Amino acid sequence: MKKTVSQIIKTHLPQNCTIILAFSGGPDSVYLLHKLLEIQKKHPFNIILAHFNHKLRGRESERDEKFSKNTAKKLKIPFETGSSNIKEVAKKKSLNLEEAARKKRYLFLEKIRKRHKAHLILTAHHLNDNIETFLI
């Protein structure tokens, strides 16, 4: 039987715990945020939005960061942001872009989790994110 997000949250998270939501500003993370806000009404917990700007898409990357920050502000949710020039990181460490981006993003998310003593980091993925989903 497939469990819903709501069932998973209620089963595995104590009430009033803290969750870090990796928030790109894309449809996957926006959907997960709204789902969490729904669940939060009946099973209280704290959400912190964490946005990592990879600086790979110029103005578009900046717009995503601004959208993420504005979403957090509008919903009165704590917001954390970080960034790195992933092209430079990949070149310096001889990694492909995807691997460099993932490593920097997860280091950032773990730092935020520790700072807030959060129980969990949630990321939202679609079917084409098989590699990253598998690693999680």
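Tutor: A nonpolar core is a set of buried Ala, Val, Leu, Ile, Met, Phe, Trp, Tyr and Cys residues joined through side-chain atoms within 4.5 Å. Please keep in mind that this is a predicted model.

Student: Which residues have the most contacts inside the largest nonpolar core?

Tutor: In soluble globular proteins, nonpolar side chains tend to be buried together. Here the largest core holds 17 residues, and those with the most contacts inside it are Ile9, Leu21, Leu33, Leu36, Phe45, Ile47 and Leu49. At least two residues each are supplied by strand E1 (18-22), H2 and E2. H2 gives the largest share, 5 residues.

Student: What does Leu49 touch beyond its neighbours within four places in sequence?

Tutor: Leu49 is in contact with Leu21, Phe23, Leu33, Ser68, Ala72, Ile77, Pro78, Phe79 and Glu80.

Student: How do E2 and E3 run relative to each other, parallel or antiparallel?

Tutor: E2 and E3 run parallel and are joined by 5 bridges. One of the residues to look for is His51, whose bridge partner in E3 is Thr81. Together with H3, the strands E2 and E3 make a right-handed β-α-β unit.

Student: Which side chains of E3 point to the buried face?

Tutor: The side chains alternate along E3.

Student: Where is His43, and why does His43 count as buried?

Tutor: A residue counts as buried when its relative accessible area is under 20%. His43 counts as buried because its relative accessibility is 8%. The residue is placed in the loop between helix H2 (27-40) and strand E2 (46-53). Apart from neighbours within four places in sequence, His43 is in contact with Ile9, Lys10, Leu13, Pro14 and Gln15.

Student: Which backbone angles deserve attention?

Tutor: Most residues other than glycine have a negative phi. Lys76, although not a glycine, has a positive phi of about 55°. Lys76 lies in the loop between helix H3 (59-75) and strand E3 (79-83), and counts as exposed because its relative accessibility is 75%. Lys117 also has a positive phi, near 50°. Lys117 is found in the loop between helix H5 (97-116) and strand E4 (120-122); at 71% relative accessibility, Lys117 counts as exposed.

Note on methods. Residues are numbered from 1 along each chain as its sequence is written. This is a predicted model: local features need pLDDT of at least 70, side-chain atom pairs count only at pLDDT 80 or more; totals for chains, interfaces and linings use all residues. Side-chain values use heavy atoms; hydrogens and water are left out. Helices (H or I, at least four residues) and strands (E, at least two) are DSSP runs, numbered from the N terminus. Buried means under 20% relative accessible area, exposed over 50%, partly exposed in between (1.4 Å probe, protein chains only). Contact means heavy atoms within 4.5 Å. Two strands pair if DSSP finds at least two bridges between them. A crossover is right-handed if, with the strands pointing away from the viewer, the path from the first strand over the helix to the second runs clockwise.
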